[in-house]
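We will go from stop to stop, selecting a few residues each time.

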Amino acid sequence: MRILLVAGSGWRAAAPQVADAAAEAWRSVGPDDVVVPQPLADGGPGFVEVARPLMAADPGLLVLETALAPAGATDLAAGTSLELGRMLGAAIATDARTIALGIGLASSHGWADGGAGLLVGLADVVGVPVPGRERLLAGGLGLGGVRAQDLPDVARLRRALGARDVVGAYRSSDPVLGLAGLAAGLADARTLDAAVAQELERNLGDLAHALAAHAGLAGRDLLAGPGTAGSVRTLGALPGAGGGAALVLHALGARLVPGLRLVADRAGLGAAVDASDVVVVVVPAVDGGEMHDGTVALVGEVALGAAVPVVVVTGHCVAGRREWAAAGISAVYEEPRRSAAVSDVLGVVPRVARTWSR
């Protein structure tokens, strides 16, 4: 049999290590099976490590991630994405044709400044003046009252990216503003105090309005019509992934795509599934997010079209049988103690192999 063993994100260990260890666990029971490990990443921590083989296969591809850029502060609301901008500036000085930037959650890199620091860092590298530099580097709580005049020339920064394909590979597609936005999410997770989150929301709104003053950012909403209401509606739809870094990437003309799909497409997941008899997905937990836009959902979608069975091995599953069956999953095996530790979950793999290996 040919087994495709997919390891998703969210582990304390790197996804490639988890995929290899799971493959070895399967071979311990099914030594005659051809087991192909395939790690995937969603744009969060570990995105670059998963993408290393992709860069080796395509010298024109350069992969970065927000988790590698220090925030310069321990307080999330005071952190800045300055180093991320410098990282992107250094990347466009290379010969890379495609620059893929993994955009994780704000808590994974330590800033929620709406990408204001990214603007400054990139502007510094390419030599574009930044009138409101001090305000833009004060973190999310320092953005109050920021105006279009404080920003660097966004059009010049767009031109500096040249003909390169800059891709923001996001983990979360939440907007930057509103009840489902960046500040609200941090408050819900109790990462920020509710009062601080409200102030951050107002400040991010100021930044979004300032960026929107540069033509073409928010686009035109045909449903909302002209005027303030239309502006609010379109601004509310702007992306907020990566502590708001996606907002600035959008303003700079970058493409924004789900990190999982970017890696899966580049790695040839569809062809690998077609060539397999069984696909085994190993993830820490199967929850609402995993079933909506996680590794399980993506692999189930691909395998369903190819009529290949998918088996999930996980630490804890809160999805019902009807839900995961509708997503193309044939079976879910849960760690008996509901432990999401790598070693515990991998301990379930041999039992699964005894059932599914011929």
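## Salt bridges

Searching the whole structure turns up 12 salt bridges. Keep in mind as you look that this is a predicted model.

Select Arg171 and Asp42 to begin. Their side chains meet in a salt bridge, with an N to O distance of 3.3 Å. Arg171 sits in the loop between strand E5 (165–170) and H8, while Asp42 sits in the loop between strand E2 (34–39) and helix H2 (47–57), so this contact ties together parts that are 129 residues apart in sequence.

Next, select Arg266 and Asp58. Here the side chains form a salt bridge at 2.8 Å, N to O. Arg266 belongs to helix H12 and Asp58 to the loop between H2 and strand E3 (61–65), so the pair ties together parts that lie 208 residues apart in sequence. Arg266 is partly exposed at 35% relative accessibility. Asp58 is at 17%, and because buried means under 20%, Asp58 counts as buried.

Asp58, Arg97 and Arg266 are linked in a network of salt bridges.

For one more pair, pick Arg255 and Asp165. The closest N and O atoms of this salt bridge are 2.7 Å apart. It links distant parts of the chain, with Arg255 in strand E6 (residues 255–258) and Asp165 in strand E5, 90 residues apart. Arg255 is partly exposed, with a relative accessible area of 42%, and Asp165 is also partly exposed, at 25%.

## The largest pocket

Rolling a probe the size of a water molecule over the atoms shows where empty space is left.

Now colour by element of secondary structure. Helix H12 (259–267), strand E7 (278–286), helix H14 (288–293) and helix H15 (295–306) each give at least two residues to the lining of the largest pocket. If you colour that lining by residue class instead, you will find eight nonpolar, nine polar and eight charged residues.

## The second largest pocket

Move on to the second largest pocket, with a volume of about 310 Å³. Its lining has 19 residues; select Leu105, Ala106, Ser172, Asp174 and Leu182 to see those closest to its centre. Helix H4 (106–109) and helix H8 (182–188) are the elements that give two or more residues to this lining. Which of the elements gives the most to it? That is H8, with three residues. Coloured by class, the lining of the second largest pocket shows eight nonpolar, nine polar and two charged residues.

## The five-stranded sheet

Hide the side chains and return to the cartoon. Five strands with parallel pairing form an open sheet, in the order E2-E1-E7-E8-E9. At its edges are E2 and strand E9 (331–334), each of which pairs on one side only. Neighbouring strands in this sheet are turned by 20° against each other on average, direction ignored.

Zoom in on strand E1 (residues 2–7) and E7. Five bridges pair these strands in the parallel sense. Select Ala7, and you will find it opposite Val282 in E7. E7 is also one of the elements that line the largest pocket.

## The four-stranded sheet

Finally, display E3, E4, E5 and E6. These four strands make an open sheet in the order E3-E4-E5-E6, with parallel pairing. E3 and E6 stand at the edges with a single partner strand each, so one side of each is left without a neighbour in the sheet. On average, neighbouring strands here are turned by 25° against each other, direction ignored.

Pick Val63 and look across to Ala100 in E4, which stands opposite.

Key
Residues are numbered from 1 along each chain as its sequence is written. This is a predicted model: local features need pLDDT of at least 70, side-chain atom pairs count only at pLDDT 80 or more; totals for chains, interfaces and linings use all residues. Side-chain values use heavy atoms; hydrogens and water are left out. Ala, Val, Leu, Ile, Met, Phe, Trp, Tyr, Cys and Pro count as nonpolar, Asp, Glu, Lys and Arg as charged, and the others, Gly among them, as polar. On a 1 Å grid over the protein atoms alone, a cavity is a set of points where a 1.4 Å probe fits but cannot get out, and a pocket is an open set with protein on both sides within 12 Å along at least five of seven lines; lining residues have an atom within 4 Å of a point. Grid points are joined across faces, edges and corners, and a volume is the space filled by probe spheres set on the points. A salt bridge is a side-chain nitrogen of Lys or Arg within 4 Å of a carboxyl oxygen of Asp or Glu. Buried means under 20% relative accessible area, exposed over 50%, partly exposed in between (1.4 Å probe, protein chains only). Two strands pair if DSSP finds at least two bridges between them. Axes are lines fitted to C-alpha atoms, for helices over the stretch in contact, and angles run from 0 to 180 degrees between N-to-C directions.
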